[in-house]
Amino acid sequence: MHPAFSIIFFTSAAGAGYGLLALLGLLAPLGLLPANPLFGLAALALALGLVVAGLLSSLAHLGRPERAWRALSQWRSSWLSREGVAAVATFLPAGVFAIAWIALATTGVITGIAGWITAAMAAVTVYCTAMIYASLKPIRQWANPWVPRAYLALSLMTGALLLNALLGVAGQASGWSSLLALASVGLAWAAKEGHWRHCATARPVSTAETATGLGHIGRVRLLDSPHSEDNYLLKEMGFRVGRRHAVRLRLVTRVAAFALPAALSLGALAAGPGALSGTLALLAAAAATLGVIAERWLFFAEAKHTVTLFYGAGEA
């Protein structure tokens, strides 16, 4: 599939924003985050800012953005519509949570209920985003249980790394936040490796023989292209990435998204509260951001739609 930057930015930014929002909603009512209203304001502004920026980027990907509101009406059958409904619905409990936590400076029942509902809605929204792709059966790299697992784990990881960085900058770094970041990196790494392993070992959904129904004759090969020049299908669904480039980008993802953040978070944990810890936590979040962008580019670029079988692909 063609890796459009707008969708790469949307899934990366919104995933990080929802991950941070979920952690704020879970941890603030428990009193694990600083009571300073400025910290709460900065953390929520970052989380919601990433979410809004991601959603606006997804609108830019549409051919007719002004009609995006119509997608909300198809929630019974469309994961894209469910994602939109969940994204909009998340802002209501998030607003109540923000007012209770920042303006009223309380961690009581209202803050707890609103925070936990916000966390649940954030997770639901990320799950719906993942299911947009996991529900597409003609693309075997997407139609598998590892896609929602990886999306949720990467959202949690980027959110945890951002939270650890915010705490470090505020001078409130603690061992539990670095441990949370480390654990989330390990979980996301395992989920992504599982997805890659599945893509490499799963049997093809279809082959040229099954797609044409001519397998009983023998091996099927393309004699001539159906078109004299590229069309929409080839541009959007026939994108090809060289195996050598894919291997390099997977290495970049492993190092930038997982290995470096894990090492830097471990360094922040060992350094203890202070400027060094905050700097290492910031670097971990920055490295993960670049790594997730590379991962998301590969997620789209390596996907093979079965329609490519009619344009010379041997299997999909």
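At roughly what angle do the axes of helix H2 and helix H3 cross?

## Helix H2 against helix H3

This is a predicted model. In it, the axes of H2 (residues 37–60) and H3 (residues 79–103) cross at roughly 170° and come within 11 Å. Angles over 145 degrees count as roughly antiparallel, so H2 is roughly antiparallel to H3.

H2 brings Pro 37, Phe 39, Gly 40, Leu 41, Leu 44, Leu 48, Val 51, Val 52 and Leu 55 to the contact. H3 answers with Ala 87, Phe 91, Phe 97, Ala 98, Trp 101 and Ile 102. By class, the contact of H2 with H3 has 14 nonpolar residues, 1 polar residue and no charged residues.

## Overall fold

The protein has 10 helices and 0 strands. Its pattern along the sequence is α-α-α-α-α-α-α-α-α-α. Of its 316 residues, 46% are buried. Take the contacts between residues at least 6 apart in sequence: 79% of them join residues at least 24 apart.

## Annotated transmembrane regions

An unreviewed UniProt entry lists transmembrane regions at residues 7–32, 38–63, 84–104, 110–134, 146–167, 173–191, 251–269 and 275–294.

Two of these spans can be checked against the model. Residues 7–32 are 81% helix and 0% strand, with end C-alpha atoms 34 Å apart. Residues 110–134 are 100% helix and 0% strand, and their end C-alpha atoms lie 36 Å apart.

## Confidence

Mean pLDDT for the protein is 87, and 87% of residues reach 70 or more. Confidence is highest in helix H5 (residues 146–169), at a mean of 96. It is lowest in helix H8 (residues 232–237), at 65. Where pLDDT is low, the predicted coordinates should not be read in detail.

Notes. Residues are numbered from 1 along each chain as its sequence is written. This is a predicted model: local features need pLDDT of at least 70, side-chain atom pairs count only at pLDDT 80 or more; totals for chains, interfaces and linings use all residues. Side-chain values use heavy atoms; hydrogens and water are left out. UniProt positions are given in the numbering used here, feature names are shortened, and annotations may be inferred rather than shown by experiment. Helices (H or I, at least four residues) and strands (E, at least two) are DSSP runs, numbered from the N terminus. Axes are lines fitted to C-alpha atoms, for helices over the stretch in contact, and angles run from 0 to 180 degrees between N-to-C directions. Angles under 35 degrees count as roughly parallel, over 145 as roughly antiparallel, 65 to 115 as roughly perpendicular and the rest as oblique. Contact means heavy atoms within 4.5 Å. Ala, Val, Leu, Ile, Met, Phe, Trp, Tyr, Cys and Pro count as nonpolar, Asp, Glu, Lys and Arg as charged, and the others, Gly among them, as polar. pLDDT is the predictor's confidence in each residue, from 0 to 100. Buried means under 20% relative accessible area, exposed over 50%, partly exposed in between (1.4 Å probe, protein chains only).
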